Every structure is written in C-alpha cells, then in structure tokens.
Amino acid sequence: MFGYGRSIFTWDGTLKELQGTYHSSVCKAGQRTSMTASPNTSSGLEVLLSTLQNAGDVESTLNILNVLDELLSAGTDRRILYMISKGGSEALLTALVNTARCFSPNYTLLLPMLHLLAKVGHRDRRIGVKAEDAGAVVLTLNLLKQNLQSPKRVAACLWVIQVFASSVSTANLIGENYGVDVIYRLIPQYTIKNLHTIKASINAFAAVLCTKANVCLVVSKGYISGLLRLYEDWHCKDTHHVAIAIRHALLRCLHKVTYSTAGREAFISLGGLHLIFQTTQTCLMNNALSSLVEPSVQLMRKCLPKTRLPLTSDLSTYSFPIPSKPNSDSYINKSVALKALLYIQSIGDSGEDSDEEEAEKNQTNTNIIDEDLETDLNKLRHRPEPDRPKEELAQYSVFCPELSHDFQELDLGSETERSSAASTSSDEEDEPCYSCSPRCSQRKGSDPFQGKHSSSAAHSDSCDFYIRSAVLGTSPSFRAMPQEPRGDNFLHQNGHDHNDEEEAADESCHHSAIDRLLERNASCIPHHEPKLYRTAASKTRSIPDFNILGFPDFWGHLPPKGSTPMAPRKPSVQRQKAFEDIQRFLNKDDIINRVVFDLDDSSLQCPSESTDSLKFFSKFESGNLRKAIQVRRFEYDLILNADVNCSQHSQWFYFEVSNMEPGVPYRFNIINCEKTNSQFNYGMQPVLYSVREALEGRPHWVRTGTEICYYRNHFCPVHGKNTATFYTLTFSVTFKYSDDVCYLAYHYPYTYSALKAHLKVLQKSVDPAKVFFRQQTLCRSLAENPCPIITITACPASRGWKDLHQLRNRSYIVLSGRVHPGESNASWVMKGTLEFLCSDDPVAQSLRESFVFKIIPILNPDGVVNGTNRCNLNSEDLNRQWRKPDPVLSPTIYHTKGFLYYLNSIGRTPLVYCDYHGHSRKKNVFLYGCSVKETLWQSAVDTVGVKEDPGYRTIPKTLDRIAPAFSFNSCNYLVEKSRSATARVVVWREIGVLRSYTMESTYNGCDQGIYKGIQMGTAELQEMGVKFCHSLLSVAKDVMTLYSRRLINHIALDHNILDHTSSDCFEDDEPPCVEEIEYSKDCPALQGADLDIDINNNMTSSDEDEEREEEHQRNSFSASQQSNMKSRLYHLITQTSLESE
C-alpha cells in the first residue's frame, strides 16, 4: 500500500468516475485499441486502467494507483498476471509517458507510477518490448539522468530500467543510449547511506549485462577491474555486515560479465579468482556471510580456465578393425542348412547415450519412421514386417534341443544308471577341481573362512602377489582379429552342445604357484572354482591380449555379513572439493603432476618401482583405467578409457592399486565421467576388494569411500570444441594395510570368464535325470568370443507320450542380460536366476515343469571383456540395434532376434521376455514394460474405447508384493520413440510378446521397504533374480496348482514384504542435489519478492521536501470521507477481480 509519509490520498475523483462517468471514460479509452471497453462488459479493473491512461487530475490518478497497489498487494502473483492479461502493463506505460513528457514532470505521480510499473513489469515477460513500443525506455533513462541528486527518484527509475532490461533488445537500447555508463557511475565505494539506491544501481547494472554487446562494452572500458575493487572495498569495510545485499548484487554483476570468454579472461588476469577465493575463505568463518559462499563458489568454478584432458587422443586406447561386408543387400544363396543371410548396409557410428533421443536419429537403414509412435494408435498396434525371410529361421531349430531330444536315458535300468553315474564321476575327476569342499554348502551369508587362515601367511602371500606370470597369468591369448563373414557351417558348428572338447585344456600348464596358493588358502566359494576360472579366462579373447587375471575374479567373492547403509553426505563436501580444485589452480607449489600409470605408454603400464606413489594396473578382463596422475602426495587424478573405437561412454572403472600407506586417506578424482548426475551424490559408494583380506578368509567386495561427490569440472576433450563437459567423481579411501593389493570398481565386477566358469559348475551340479540343462553357442561375437544360450527345463517323468507332450507344450520364458557392459549388477541378478533355476527348490522344480527357459546371460561379451561401459567393438549401443540388427556387426542381437522370430514362427511365442539392466540414476529395482493405453494417455490422446490386455502388469504387481527391493510405482509402461529400437519395444511390437520387459536394478540401494537406506550387495541382487523367478508363478497356465500351500511356504513371504510401500516415480531419480552439480553460466535470478520489498521500503521513506508538497492533500477530505470512499472502491474492485479469476 502506498503511504508517503503521513499523507492520505483523496478518493472523490475516482469514485465520481466509477459512479457517473463511465461513458466519458470509455469514449476516451476507445481511442486506444488495447483498452477498449463498454459500460456493460468492462470489469472494474478495466475501467480503472482505462481511466488511468486518460485521467486529467492528479488526485484521481493517485487514487487509482493506490487502489491498484492495494489490490495487487493483497493477493498473489495471480492477480498481477490477471492485470497484465487485461492490458495493465500497457496502461501503466502509457500513463508514465503522458506524465513524464511534461516540461516539469509531477513526481508526486511519477514515483508511485514507477513503483507500480516495476512491480507489475517484473512479472510481465514482454515488458521490455512493450516499453520500447510505448517509447518509455529512453524516457525513463532520461528521467534517471535528470534526477541523479535524488536517491528516491533514482531508485525508482533504476528498478524500472532493471525490469525493462529483461528483453535483450531493450537492454541493447539502454546500452546504446549510454545507460551502462550512467548506471555504473552510480555505484559508490563503501557507505552506509542510501543502501537501497545503491543496491538498485547494482541490480540494474547486472540486468543490462544480459546481452553480449553490453558485456563487451563493460570489458572494453575496464569496468571489471572497478567491480572487483568495489567488491573488495565493500567486503573489507562492511564489518557489521549490514550491506550483505550489496555484495550479493556485486557478485551478480561479476557473474554477468564472466558470461563471455573475454570477460572470464579479464576476470582471471585482473586477479578476480584470487580475490573471490580469499574473500570466500573469510565468509566461511562467519555464519552471517554464509549466503555469499555459494554464488562465490559458482563464480570461481565457472571462471576456472578450461583444461584439455592430458591425453594424446580422445579415442579409446583400444581399437578394433571393423570387418568388411558385402555391399549388396540382396539374399545370398547358401546351402540347405543356411538358406539365406540378409546383409544390410553398415550402421552409422552414433555412440549416443541411451537416455537421449539423439540415439534414434543416428539409426540408419530404418524404413519405418516412428516420429508419431507415441500418439498414433495404429502405429502402436501395427506389427512391422520381419527383417529376414521366413526360410532363414529354420537354422535356429538347433537351439530347441528339448523339442527333438528322445530322452532314451530315462528307460535305462538301474545298472546302466549306476554305470552312467560312475562315468560322470570319472569325467569329473579329469577336470581340475570342479567339486567344492563340504564347507561350500553352508547357508548364504555364513563365513566359511572365519578363523581358518593365519594373518602371517596371508601377509606373505599378498607380498608375493606381484609374481603375476606365475600366480595370475594365463596362457598367451590371441589378439582379437576381425571376423570374416561366415559360411554355411557357421550356426551348425556353433549350435552344438558345449561338450568338454573346448574346455578340456591341458591343466598341466597351471603353474605350481597357484596350487601352493590354493593349498595354503583353500578358496571355497559356492559355484566358483579358481582353477576353472583360469581355464575359462585363458580362452577368452581380448583386444589387448590380457594375460593377467584380476585377483577378485580368480579368487571369487563371498557376500559379507550384514548390510551396508548408504553413505551420509558430508555437509558442503562438494564445496570443499571445489575449493581444493581452485587452490590447485592458484597455488601450484605442492602440485606433483606426475604420471604413474598410462595405457598409452608401455613403460607406465606395469606398477612402477617408485616408493612414494601408489601403483596402478588395469590390464585384466573388465578392467578400465587409462591414466593415473599423482597430483599431490595423497591425491590422484584418474582418467578412464573410452569405449572401443570411440571417444565416449567413460563411466565404468575397475583397477588395481597397491604400495599404499595404511591409515592415510587417499583422494581419487575420476575426471572424465560423462553422465550429468549419479547415485554417488545420494549415498552410493564404490566397491573395494583386498587381496590380503581375501587370503585371510574374507574374500569380500565391500562398499568403501568417504567425502564422495559427483560434480561438473573444468576439463574438456583433447580435440574439438571445449564446450563439451566432463564430471568428476571424487572419493577418499583409507587403506588398512601397507603390504596389500586392492581393487576399486564402480560396482561389483562380473566378468565374461566368470560366466563361462559358472555355467560349467552349474552344468555339473544339476541332476541330469531331473533337470534338462543344455549350454550352446548362439553365435560368436566380433572378437570370436562365444555367446552362450542356456536351456533349462524339467526332464519328463518318462518317455511316455503324455509326458513328452507336456514337455513340448510348455510355455517359453526368454531372459537376456548385460547388453551394456558397465551394468555388472545385471549379471549378479542373472546369477541369482540361473542358480535358482538349477536348484532343488520346490518352486524352481515347479517352474521347470511349467516353462522352458532360454537364457542368454551376456549379449555383449566383447564389451564385458574389454572393460567398456556401453558399446560393443563397433562403438554401437547394442540395445539400439534391435530394429535392424546387422548380422556381422551386431551378431548377438541379430541371432537373438532371429531365435525369437523362430519361436514365434513355430507357435511358441515366449510368454515372457525380460532383459536385465542396471540403472545409474535411480534407486530400487523396477520394470519397464509396454502398454498402448498408457502411452496414448501420457501423450494426452483420448483412450476411450481402446481395449488392452492388462496382463503386462501381472509380474510387476507380483514382484511388488514379494520382492523387498522392487518398487511398483517406479515402473513405466510407455512406448517412447526414443526407445523404439530397444529389445523391450521390438520384442513387444514385432514378436508379439505382451510381457516384454526391461528390468532395471539400481547400483545404489533402496528408498522403501525393508532395504530402505541400504546399499544393494551381491546377495540382494541375486535375491532379486530369485524373486523374479517366483513372480513367474503368476503367469503359469495352472496358477491354482502352482500356488499351492507347499509352494507358498517356500517363497518366504512375510508381512513386512507384503505391505512394503513403493516409492513414487519421478522423471529423474532424485530431488535436486543439496549442492549444485552444474555451474551455471548465468547468475542467480533476482526474485520478485525481493524487488517488492525494496520498492515498499522506498515508498515508506520520504524526503522532507516531498512531505511538504503533500501536506495540502492531507486536508482535502476528512478522514471519515476518505475511509468510506476507499472502502467502497476497494470492495468493488476486489469483487470484480476475484470473479474474473
């Protein structure tokens, strides 16, 4: 409310117009098309605005302004926006121009008019353009120049100029008329007088710096130096902290001028970074100044010079020659066994992240354009034509051995069975250590090593760990060569069962050191055999010829007892790390900057002999660390290797570290991460494996790390524009022992060789008379690594027709995983699924009797082997190749899709398809499915009359009741065009699988249920694989039989799980991080509420001269008359305004 001193405005003029002069007001207002109104249709607000533009006397105008101010102050911004929609901004601008054009402007009118215009204009996005059209911009600037000696008038003009400058063209117009210089000269050195006017000057100056032209003007005139001196002066002299708002405003100006490269360079050259760093340190010591810290930190982060990564090339250290293909897309006649093979043209090198729609734009050779997939019912229901001829599908019959197997062994007598068992036993003896000791059968979670090993023996073994060629070496592997297009026998050679010919390696090549190590520290981890792992790894083909094993993969992992809570985030940890980065730039005295490991330099690929630095190593399966640089004594910058044949997707890490000092916190900065956010900001920790702990009987991957945060840094790629951004993952680790070798990883590693060894153990663990377990090679990858496909089902009770008929009419369940190599959590979930399906659990037995399981555990073997994060050796995201997979460049996807086509062609379309994934930005485990109705509804398309089978929700609903880590509310069933080439959508659309899912498992933990606040371990991930199997009971044909009391008791339901509440689903994983991950190029915006407060303060502080000018107005009406008129007018306007709202 306006209240200049003790004055009270009269109301007679306004009341008379409202009561009897509508017609005259409207006639005058009719000359302005923007405010045309009639007595019958105009609201009270419109009449006021019309009268405001044409009022002839001071009293009426003042009364209207006062009423408008009271009306708008009493409500929310909604009233102001309503006034703007009725032409309020135009009316105020017109009144301003009419009043200010006089030879001697009446500031009794101008001041409230300017104040109200600033309040309203701040909410009007087009106020700058409107002001230009009304001619109010230059006029207001002239008013400012004419009243430089009146702080109150100056402040009012500055607020209006600040509002006008929200438009780029208006800000440029102000700069062209020397407004920037005028406003800059109004900013004084430290003083305690007219603080609101000084603040208005600085805020107006910041506002006009929204354009490049004005910023260049400021830089060229040296105003940055002046701003820095001003900030230093106010900081040093404002000892009582009464002008914190002034310092805020100056920081806002510095943010604006550093928008341009020239501004940042001038800021640094003038010592701005050092000044802000020093003043911020002072602010940290005083809680009253804490509000200045964040904008100061953001300013320093933004102005740190861009630094190119210390690499020779952005491309991955590993390269692979892509095989050539025929240039014809016609059918190639083959033999009878392989009718045809369809070659399509080469797919472009997109390499985009899966979360971006850009991935779809780079999909070439796509005949179907799905731009309106999310809104077109016909496209959603249309089944595209197969991408290959039907004749080609016959080759996949070899992967359904259960349909042709005669099960003659079921009719053998007991004598034959005993002979067969003896033969099997003999075969097992020929293999190296396939059986586990009795302690391996202990319940999960127990520690079979406790108290068994001496610390001194483990210490000795860990000291000798670097005799790699003897202990962890493999036979020399061949360097992966590009595969040639394979001929007629390709699928037939690889479609046969995995017999022991390939695995029957000469175990005599094992070094005696391994035997001694295993004898002294007998590793006994369920479903894991170190010697068997070494044999499998020796046949794994990698680009860099890995001949060293990662000890955790060789020795094995046992889930530790108990659970690990999410790591609490230390307050302001990111700020602390940012200060350290800035100090590193300002003070280089303690910077070592020594490269201690480099994949690009053979002399630095093995641990050095230096004793004053850590030793790093990553040349083993699934390892990823490209370069390690010692920054300070206990701080290292780490650079990850990009995916093979490209320069992107650096996120996964897995490396070895040794030569540490115990009890000392080492800081690791992984400086070339690419994702814009990470669960590392929300309680997630990396994992660590200690060799010494393992040899002492504790072979555990454990969560580790303190002071963890993930934020944008100042590094940029080696080549190209420096606009690309990287992010730093920083964490500190304190090691327990000095003579130890430790491994650090993004998540629990699971290698391709581990899968191969695991499948061998599972095959030998099942009873062949009860479980039909068959491992075959679906195809070979680009590097010639076999892609296994597993068949698991129950053997028939007999060879009788009825039993065989029941077997061959079972529904099919198809599961796949690890299409993205960095999602190792998917493999742990798959491990739980495989072990459960091969177990003697009654639920597993019932599932085997009801379904035939086809499992492809790793769809991207080459990526897993070579430590990539997302792509295969062709630098393609394989989960974006499903619509038109290339048989040569994406063989695993091509043949998996071909096998699904085959099942569909013989009338055995899978009942369920699920692709196991990991999610880096969300908590919990959840499913993505496919729904026509939900997709259309999300796109605001009418779904009335659209019918759909709701069965796609059956499994998610079941999991929500039985799986503590699962969140139903996080599930999503949208068919997005950006996901149209993923496995889930393609299998749903082209194969016709209603229950086609992607199962996403968090890298972090849960925010609901009994696991709330707990980080997921391998035990919980494997449990999720078991629970997914349990959920399949809900889609079995004979549901009532399967849900018998006997089976329910084995699912281990309890009320805590049944009643757990899923967390809500958001587009992003988390609320905004407590600290800003990004550093904005622009400064924090001035809030409208702050501007309103400043204006109101200016209105209540009157000058003595203006008090005398208003003295005669206070006596024009009695207090009772004014109060009565004011009440009637306010009631009328409020009522009409609220009705309009």
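Student: What makes Arg626 count as buried or exposed?
Tutor: Buried means under 20% relative accessible area, exposed over 50%, and partly exposed in between, with a 1.4 Å probe and protein chains only. Arg626 has a relative accessible area of 2%, so it is buried. Asp600, at 34%, is therefore partly exposed. This is a predicted model, in which local features need pLDDT of at least 70 and side-chain atom pairs count only at pLDDT 80 or more, while totals for chains, interfaces and linings use all residues. Residues are numbered from 1 along each chain as its sequence is written, and side-chain values use heavy atoms, with hydrogens and water left out.

Student: Why is the contact of Arg626 with Asp600 called a salt bridge?
Tutor: The term requires a side-chain nitrogen of Lys or Arg within 4 Å of a carboxyl oxygen of Asp or Glu. The closest N and O atoms of Arg626 and Asp600 are 3.0 Å apart, and the pair forms a salt bridge. Arg626 sits in the loop between strands S4 (615-617) and S5 (627-632), and Asp600 in the loop between S3 (594-598) and S4, 26 residues apart. Strands are DSSP runs of E, at least two residues, and helices are runs of H or I, at least four, both numbered from the N terminus.

Student: How many salt bridges does this rule give?
Tutor: The count is 31. One of them joins Lys130 and Glu90, at 3.6 Å from N to O. Lys130 lies in helix H8 (residues 127-134) and Glu90 in helix H6 (residues 88-100), so the pair ties together parts 40 residues apart in sequence. Lys130 counts as buried, at 12% relative accessibility, whereas Glu90, at 26%, counts as partly exposed.

Student: How do you know how many disulfides there are?
Tutor: A disulfide is a pair of cysteine sulfur atoms within 2.5 Å. By this rule the count is 0. For Cys709, the closest cysteine sulfur, in Cys1073, is 8.3 Å away, which is too far for a bond. Cys709 is buried, with a relative accessible area of 0%.

Student: Why is the span of helix H13 said to agree with expectation?
Tutor: The expected span is 1.5 Å times one less than the number of residues. For the 14 residues of H13 (residues 195-208) this gives 20 Å, and the end C-alpha atoms are 20 Å apart, so the two agree.

Student: What makes H13 largely enclosed?
Tutor: Of its 14 residues, 12 are buried, so H13 is largely enclosed by the rest of the structure. Among them are Thr197, Phe205 and Val208.
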